[in-house]
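Let's take a walk through this model together. Have the sequence and the 3D view open side by side.

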Amino acid sequence: MDHIVLLQKVSVALFIFALLWKIVKHMWSFLNVEKEPVTVLVTGAAGQIGYAIVPMIARGAMLGADQPVILHMLDIEPAAEALKGVRMELIDAAFPLLKGVVATTDAVEACTGVNIAVMVGGFPRKEGMERKDVMSKNVSIYKAQASALEKHAASDCKVLVVANPANTNALILKEFAPSIPEKNITCLTRLDHNRALGQISERINVYVSDVKNVIIWGNHSSTQYPDVNHATVKTCSGDKPVRELIADDQWLNNEFITTVQQRGAAIIKARKLSSALSAASAACDHVRDWVLGTPKGTWVSMGVYSDGSYGIQPGLIYSFPVNCEKGNWSIVQGLKIDEFSRKKMDATATELMEEKSLAYSCLN
Ligand SMILES: NC(=O)c1ccc[n+]([C@@H]2O[C@H](COP(=O)([O-])OP(=O)(O)OC[C@H]3O[C@@H](n4cnc5c(N)ncnc54)[C@H](O)[C@@H]3O)[C@@H](O)[C@H]2O)c1
């Protein structure tokens, strides 16, 4: 008799526990769906990369499949009509995560309340233009947008500069937005990083997702140094160094490097347009890993303000290997640098110092 009573009591307790568990799970998913929207600014949104990136953001590729977003899109007056068209398409796509779209040519309206700023808008180099003329146009754009962000964006706004010269535009933005923490201003070299992963995967016929820890050092330009000395490939017998698997230092030290450095030009030659889909996807990867974190044991390349790590002088936005956790990046420390790498890392730093002084000469 006692046994039956006990069994009944246990069944009732189990039933109540299952019921409570269901309620907690339901409330949890309800809380997740109701996450506050994050406001993402895309400048140059009527351009090629803009058109590719806004649907990616609205689908959750940047901030996660459970994160609602509000998109702010900025472009200049001549592109206002095209920008309106992009907004219409975003509405027509009925993205469930998209909780609002602002399309404007007013920098103040665009920057207001922004949590993530993806700076794609800039002045392209046109035929017959001197490097200094292009630099001068971009310096004034980034100086003006720095103050709009500083005054109107959320105080913890994270900034990713995509427009070229990306490292130097980011540096100018940092200089003219002194109240934005320097840790919050970065530039895109993830496209070069992804290109390096892609070249390795093609060469040895492995999945790109099994290759990790390449590094892009320096400038997002043809002096960048794609480094595979610490990169590995996942195999059935554990992670193996890329150098060991490829077993062709001649290829790795020459053709591989120039292919990654010149990939942008190769895309223009083939498409008659510069890379847009891969640049948009890389910008999403950059922000996603920065906000949500890099997987354990994996680093990515980001253009960040140098703190003197690896002998790179402070005062430059330089691409380093970084780990990200809880919304912060930190430069991976203690990697061994051989003489070949040292020279290439210094050469790209020298180019960045030259770009910096050219940018400053445009300000005067
Ligand atoms: N860092 C990288 O890996 C990487 C990769 C690819 C392209 N890029 C650079 O990204 C930038 C954009 O490329 P794209 O192919 O989309 O160019 P695009 O010419 O198609 O678009 C640029 C857009 O910026 C707008 N714009 C110009 N001045 C502006 C301003 N002051 N404020 C707001 N918007 C402005 C233009 O009207 C245009 O709509 C270029 O500078 C390109 O060189 C960088």
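Start with helix 6, where Ala166, Asn167, Thr168, Asn169, Ala170, Leu171, Ile172, Leu173 and Lys174 are buried. Buried here means 20 or more other C-beta atoms within 10 Å of the residue's own, exposed means 12 or fewer, and partly exposed is in between, with C-beta atoms placed from the backbone. Helices (H or I, at least four residues) and strands (E, at least two) are DSSP runs numbered from the N terminus.

Before going further, a word on what you're looking at. This is a predicted model, in which local features need pLDDT of at least 70 and side-chain atom pairs count only at pLDDT 80 or more, while totals for chains, interfaces and linings use all residues. Numbering runs from 1 along each chain as its sequence is written.

Back to helix 6 (residues 166-175): nine of its ten residues are buried, so the rest of the structure largely encloses it. The cover over those buried residues includes helix 5 (131-152), strand 5 (158-161), strand 12 (300-305) and helix 13 (339-363).

Now look at the ligand. Around it sit 28 residues, the closest being Gly44, Gly47, Ile49, Gly121 and Asn164; a residue belongs here if its C-beta atom, placed from the backbone, lies within 6 Å of the molecule. Helix 2 (residues 48-58) supplies the largest share of this shell, three residues.

Asn164 turns up again in the UniProt record, whose unreviewed entry places a "binding site" feature at Arg125, Arg131, Asn164 and Arg195. Such annotations may be inferred rather than shown by experiment; feature names are shortened, and positions follow the numbering used here. Arg131 is in helix 5 and is exposed, with 11 other C-beta atoms within 10 Å. Leaving out residues up to four places away in sequence, Arg195 touches Val260 and Arg263, where contact means C-beta atoms, placed from the backbone, within 7 Å.

Finally, find the open sheet of three strands, ordered 7-10-11 with antiparallel pairing. Strand 7 (211-212) and strand 11 (238-241) are its edges, each pairing on one side only. Strands pair if DSSP finds at least two bridges between them; strand 10 (residues 232-235) and strand 11 have four. Thr235 stands opposite Gly238 in strand 11.

Definitions and conventions: Contact = placed C-beta atoms within 7 Å.
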